[in-house]
Amino acid sequence: MTPEMFKYIGAGLATFGFVGSGIGLGTIFGNYFLAVSRNPASAPKFQTWLFVGFALVEAFGIFALLIALMIMFVI
Amino acid sequence: MAEKSGDGEKSAFDLMHQFDITPLAGLENTPLAFVTNSAFFMILTVAVIAVLMVVLTLSAKVVPGRGQTISEMIFDFGFGMVDDILGKKGRSFVTFLLSIFLFVFVANILGMMPYSFTVFSHISLTAFMAVIIFLMVIYVGVSRHGLKWFGIFAPAGVPGWLLPLIVVIEIISFFMRPLTHSLRLFANLTAGHIVLKVIGTFAAGAGATSLLTILGGLFLTPVLFALSALEYLVAYLQAYIFTLLAAVYLAEAIEPHH
């Protein structure tokens, strides 16, 4: 095992941050479809904030990606 | 990032090669060498938008024709989004936000063409745009509300003992905004194009080395079609989200609710 190998392992482990982001996105979109299927008229009202929530949750996955990229290319 | 993968490591497919910035072919040793493929595609994007809008509105009438309807749809989209988030007060930001949306969207669509260059797969450009928006938010907030605007860091209704913690968290999340704002666009486009490249290499370039690779290539070709469709969706969605977040940040500057 060389230090180079640990770098790859670390970068791979850092992508586990996407688990949380994935769960969050599932919750957001699942609840959106639940709400819209109960009250279809409310769809346009939720759509904007659906994407804002999507972006905010995705940000945490992006932090994990940032750490993976830093391990791979910067350190 | 892109240049590190090229040297040293020898891999079967050069995934990062598509993101290399090089002077255009034929311009390498001329004074025009600053026109890289990135710069060229940015100019092309602006030219496409300008020509499209001029052609569509060439014969503007009260009763719109086919072309004018398309251009009016684009403007309705911008006004609808701004009215939703900024309210009537934010009408002056429509041109700014619609320009951002059209630039990102058309650049992404042009980047999906084979042999083209995806401008927003470089964090330098996305970070530049995100920092401009970030500074603009601070400028708009301070110029409209004075130093009182910084009260957004202390939300109303927070118990006193929790306030120092909340203020610190709010300040950190405020300064994280340009980072996530730029990384989202960059990461989505880069990752999407790498996936396309991987699947495309398998589907088309697997070669007739064995029966397994031929079957795998045949199986992966429909997957490539589906992924391309997904990438077009991502191209639109990320442009929309980039603009939407800029609007949401501006909404806080125009009307801080604390």
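**Exercise 1.** How many helices and how many strands does chain B have?

*Solution.* The model is predicted. Start with the count: chain B holds seven helices and zero strands. Next, read the order from the N terminus: α-α-α-α-α-α-α. Then take the extent. The C-alpha trace of chain B spans about 70 × 60 × 45 Å along its principal axes. Last, burial: 23% of the 258 residues in chain B are buried.

**Exercise 2.** Find which residues have the most contacts inside the largest nonpolar core, and which elements supply it.

*Solution.* The core has 40 residues. B:Val104, B:Ala246, B:Ala247 and B:Leu250 have the most contacts inside it. Now list the elements that give two or more residues. Chain A contributes helix H3 (43–74). Chain B contributes helices H3 (66–85), H4 (94–111), H5 (123–145), H6 (163–205) and H7 (211–254). H7(B) provides the largest share, twelve residues. Finally, take B:Ala246. Leaving out residues up to four places away in sequence, B:Ala246 touches B:Leu97, B:Ile100 and B:Ile133.

**Exercise 3.** Check the length of helix H1 (residues 3–14) of chain A, then decide whether H1(A) is buried or in the open.

*Solution.* H1(A) has twelve residues. The expected span is 1.5 Å times one less than that number. For burial, a residue needs 20 or more other C-beta atoms within 10 Å of its own. The number of buried residues in H1(A) is zero, so this helix lies largely in the open.

**Exercise 4.** Describe the contact between chains A and B.

*Solution.* Count both sides: ten residues of chain A are in contact with 13 of chain B. Then sort the chain A side: eight nonpolar, one polar and one charged.

Note on methods
Residues are numbered from 1 along each chain as its sequence is written. Chains are lettered from A and ligands numbered from 1 in the order in which they are written. This is a predicted model: local features need pLDDT of at least 70, side-chain atom pairs count only at pLDDT 80 or more; totals for chains, interfaces and linings use all residues. Helices (H or I, at least four residues) and strands (E, at least two) are DSSP runs, numbered from the N terminus. A residue is buried if 20 or more other C-beta atoms lie within 10 Å of its own, exposed if 12 or fewer, and partly exposed in between; C-beta atoms are placed from the backbone. Two residues are in contact if their C-beta atoms, placed from the backbone, lie within 7 Å. Ala, Val, Leu, Ile, Met, Phe, Trp, Tyr, Cys and Pro count as nonpolar, Asp, Glu, Lys and Arg as charged, and the others, Gly among them, as polar. A nonpolar core is a set of buried Ala, Val, Leu, Ile, Met, Phe, Trp, Tyr and Cys residues joined through C-beta atoms within 7 Å.
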